[in-house]
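This report describes the main features of one structure, part by part. Please look at the sequence and the model before reading on.

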Amino acid sequence: MKKATPPHFFASLLAALLAACAACSRTSPRARHAAANPAAVAGPFTPAELRAFAALEPIDTHVHVFAVNRGFIAMLGRLHLHLLDICLDDDRSPFLKNLPREIRQARRFVAASRGHAAWCTSFNPFQYGHAGFAARAVRQINRNFAQGAIAVKIWKNIGMELKNAQGQYVMPDDAAFAPIYRDIARRRKTLVAHLAEPDSCWQPITPASPDYWYYTHFPMWYMYGRKGVPTKAEILRARDRLVAENPRLRVVGAHLGSMESNFPQLGRRLDRYPNFAVDMAARMPYVMMLPRRQAIAFIEKYQRRLIYGTDLDFMPGAHPQAVARHWESSDARDWRFLATKDWVIYLGKKYRGLGLPHSVLQRIYHDNAVRWFPGILSGQGKAE
Ligand SMILES: [Zn+2]
């Protein structure tokens with residue numbers, strides 16, 4: 001039999017409630033200020049956050065890992081994190097200018113990753129103009145597909161660095177690349193296209209820009225004030241033509257397709273080209289800078305076309321523990337921003353998390369990667 005609740009229980013409950021209300025009205029100005037300006041959350045995942053994150057079997061489709069380390073792979077296991085390890089040919093970087101070595105390192109990492117990684121190959125665009133360029137590139141990427149590669153990357157050096165014999169910049173829709181794109185489509189693989197750069201690359205830049213660090217450290221990519229360089233619009237138009245001319249080729253535009261400062265423009269491209277999606281790598285600050293409601297509306301509208309990515313790297317010689325710590329904090333910050341209503345800090349500014357619905361997070365963190373990168377979870381070895 002149920003015990004009757006003693007009447008004095010209600011009396012003490014009422015007293016407690018009244019006391020609590022009185023306490024509210026007596027809140028100090030400082031406490032009220034704190035409530036209106038809650039502290040930002042930083043650092044690694046809390047156990048509860050990690051459970052929610054890991055439950056999605058999250059996939060990061062834009063990383064550069066060329067080192068093998070047990071602790072790092074254990075971190076992937078703990079986070080249930082899956083990666084697409086992207087190779088690229090950068091003739092200005094001491095390590096990335098040696099594509100065959102990079103591919104060997106990527107394959108070594110994928111093989112050791114206990115099923116946590118797949119890889120994306122590339123080809124040397126600087127062979128452009130040499131006899132048999134496209135045929136050789138096709139043979140190489142087909143060999144890489146046979147070795148497990150699931151995608152091919154083209155990079156901003158097409159459009160911003162590579163020139164033809166007449167000294168003109170070569171654009172990504174140049175006829176010389178057409179057989180390569182056709183082959184990727186025929187093999188049902190995906191093209192990752194990092195073409196152009198943020199708008200700030202062509203503008204005067206201030207420390208307030210999310211790209212300030214990059215252009216002060218890599219001035220060779222800073223186009224502002226340079227004569228005879230292509231405009232961003234020219235490069236994106238060539239990118240659009242390549243997407244339109246290859247309707248059966250899945251193209252994933254890296255870094256929000258370089259339309260990070262113009263979300264309506266990005267939306268129009270996604271509306272126009274069903275074979276086009278974008279990763280969010282290294283452009284989360286631009287989403288943070290949007291009015292919050294606008295960011296939520298955009299992501300919900302294009303929830304099938306946005307793919308989570310970070311552009312984080314693990315280069316040979318880097319300190320593995322520092323790398324793993326940085327990855328986890330960075331993933332945790334993105335997670336808090338997308339999935340919770342906590343505040344996060346970026347470049348000294350505070351942004352409130354979007355608190356996106358679970359179904360949207362499921363798409364951005366997992367489903368879209370699986371759809372746009374077939375084979376991403378069935379690389380070498382089984383996922384844990
Ligand atoms: Zn990258």
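Predicted model: local features only at pLDDT ≥ 70, side-chain atom pairs only at ≥ 80, totals over all residues.

Several pairings can be followed residue by residue. β2 runs parallel to strand β3 (residues 117-122), and four bridges join them. Across this pairing, Leu84 stands opposite Ala118 in β3. Four bridges also link β5 and β6, again in the parallel sense, and here Thr190 has Arg250 in β6 as its bridge partner. β6 pairs in the parallel sense with strand β7 (residues 276-279) as well, over three bridges. In that pairing, the partner of Gly253 is Val278 in β7.

Strand β6 (residues 250-253) is covered on both faces. Arg250 and Val252 are buried on one side, and Val251 and Gly253 are buried on the other.

## The nonpolar core

The largest nonpolar core contains 96 residues. Leu84, Cys120, Ala151, Leu191 and Ile307 have the most contacts inside it. Helix α15 (residues 320-339) supplies the largest share of this core, with eight residues.

Beyond its neighbours within four places in sequence, Leu191 is in contact with Ala151, Val152, Ile154, Tyr181, Ile184, Leu249, Arg250 and Val251.

## Helix α15

Buried residues of α15 include Val323, Ala324 and Trp327. Further along, Asp331, Ala332, Arg333, Asp334, Trp335, Arg336, Phe337, Leu338 and Ala339 are buried too.

## Two residues with positive phi

Which value does phi take in His80? Phi of His80 is near 55°, which is positive although the residue is not glycine. His80 lies in the loop between α4 (70-79) and β2 (82-86). It counts as partly exposed because it has 18 C-beta neighbours inside 10 Å, while a buried residue needs 20 or more.

Ala196, also a residue other than glycine, has a positive phi near 65°. Its place is in the loop between β5 (190-193) and α9 (212-217). Is Ala196 buried or exposed? Ala196 has 27 C-beta neighbours inside 10 Å and therefore counts as buried.

Key. Residues numbered from 1 in each chain as written. Buried ≥ 20, exposed ≤ 12 C-beta atoms within 10 Å, placed from the backbone. Core = buried A, V, L, I, M, F, W, Y, C linked by C-beta atoms within 7 Å. Contact = placed C-beta atoms within 7 Å. Pairing = 2+ DSSP bridges.
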